[in-house]
Amino acid sequence: MPDQSPAVLQVLPALNAGGVERGTIEIAEALVEAGFRPFVASAGGRMVAELEARGGRHVTLPLDQKSPAALLRQAGALAALVRAERIGIVHARSRFPAWAALMAARRTGAHFVTTYHGTYNEGFPGKRLYNSVMARGERVIAISQFIATLLRQRHGTDPARIRVIPRGVDMRRFDPAAVADARVAALRAAWGVPEGRPVLLLPGRITRWKGQEVLLRALAMLPAPRPFAVLVGDEGRGTFAAELRQQVAALGLGGDVAMPGHCDDLPAAFRLADLALHCSTDAEAFGRTIVEAQAMECPVIASDLGAPRETVLEGETGWRSPPGDAAALAGAISRALALPAEERARIGAQGRAMVLEHYTTAAMQRATLSVYRELL
């Protein structure tokens, strides 16, 4: 007899690294525990094994391809999957495959849910229409109050369809007490972080709007011996990482910066750091690394725009600095590092307390499953 458990299909381009991908796996895990059948359709990636280890079922489809012909193929493949597995909800998490997911949902009668994960720029004609698919769900999950406001103002989304569900931190993983000193020492050695100097950690993809270039300019303004900065994150296929390395050399920061690429142990990285930095020059829809740092009791300096205004309470759970302003960032770093250790520890503890109250994975999972249950 076929399994009659309700099924949910999450759709995204690929399962490599990133907050969207992490959230997809966390929801799949929650679905398993709640007795649902969780499916994820993507082009695959290094996180597929983790998804399957947590009980999710991955269906490999070329959802990372973008063309009109690819859209039609994707919609047909998704519709076939929905029918074959009697899927009740299709949850789209990225724009191009969301159009295919919407077409598949309409063909099959499945419910359509979206998560509006980004601010989605509108730099050329037609972009708002392209982005609008993320506002077309029967329920539209906004990952911050900032995004909920954007949905109402930009797309005229009915507030009755919006559910604000912030991204969550896995407090089992991001727990200072659970990170052994040996893990921190291993990262220090692997990254060549010198002893006796404050450590600045900027986690995030190596891409222009994440503000790595702003941090390098700020670092050059600080007197020697400077803090040691680690720019950790995937470098992608563009030239920006090479440009940053050239900037490091031009500013004379060769002994002050590491760019180690992707990090599989961010909890240990935050324990290694004296300050975590968020330097984005565009408004962040949420800023997951901020709350991950706070969960690890690592004080944060964040760009003062977008959702970080909700998660970084000035002087209470961290500090905010004007985006793109290297001099202001240098000043914020200097002031934070000049504080007594017990004051930085107090800020770190208040950050963790806030995350425990508002931004846990468990809370995000419960709220998302409630959205699914509204529709089934």
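Residues are numbered from 1 along each chain as its sequence is written, and side-chain values use heavy atoms, with hydrogens and water left out. Because the model is predicted, local features need pLDDT of at least 70 and side-chain atom pairs count only at pLDDT 80 or more, while totals for chains, interfaces and linings use all residues.

**Domains**

Select residues 18-173, where an unreviewed UniProt entry places "domain: Glycosyltransferase subfamily 4-like N-terminal". UniProt positions follow the numbering used here, feature names are shortened, and annotations may be inferred rather than shown by experiment. This span is 44% helix and 17% strand, with its end C-alpha atoms 16 Å apart. Helices (H or I, at least four residues) and strands (E, at least two) are DSSP runs, numbered from the N terminus.

Next, select 187-353, which the unreviewed UniProt entry labels "domain: Glycosyl transferase family". Here the chain is 43% helix and 16% strand, and the end C-alpha atoms lie 26 Å apart.

**Second largest pocket**

Show helix 10 (266-272) and helix 14 (341-358), each of which supplies at least two residues of the lining of the second largest pocket. Helix 14 gives the most, with three residues. On a 1 Å grid over the protein atoms alone, a pocket is an open set of points with protein on both sides within 12 Å along at least five of seven lines; a cavity is a set where a 1.4 Å probe fits but cannot get out; lining residues have an atom within 4 Å of a point. The pocket's volume is about 220 Å³, a volume being the space filled by probe spheres set on points joined across faces, edges and corners. Its lining includes Pro-176, Arg-271, Glu-297 and Arg-344. By class, the lining has eight nonpolar, no polar and four charged residues. Ala, Val, Leu, Ile, Met, Phe, Trp, Tyr, Cys and Pro count as nonpolar, Asp, Glu, Lys and Arg as charged, and the others, Gly among them, as polar.

**Cavities**

The structure holds two cavities of 30 Å³ or more. For the largest, of about 100 Å³, select Arg-93, Thr-115, His-117, Arg-167 and Met-364, which lie nearest its centre among 14 lining residues. Five of the lining residues are nonpolar, six polar and three charged.

Finish at the second largest cavity, with about 70 Å³ of space. Strand 12 (residues 300-303) gives the most to its lining, with three residues. Among the lining residues are Val-214, His-278, Ser-321 and Asp-325.
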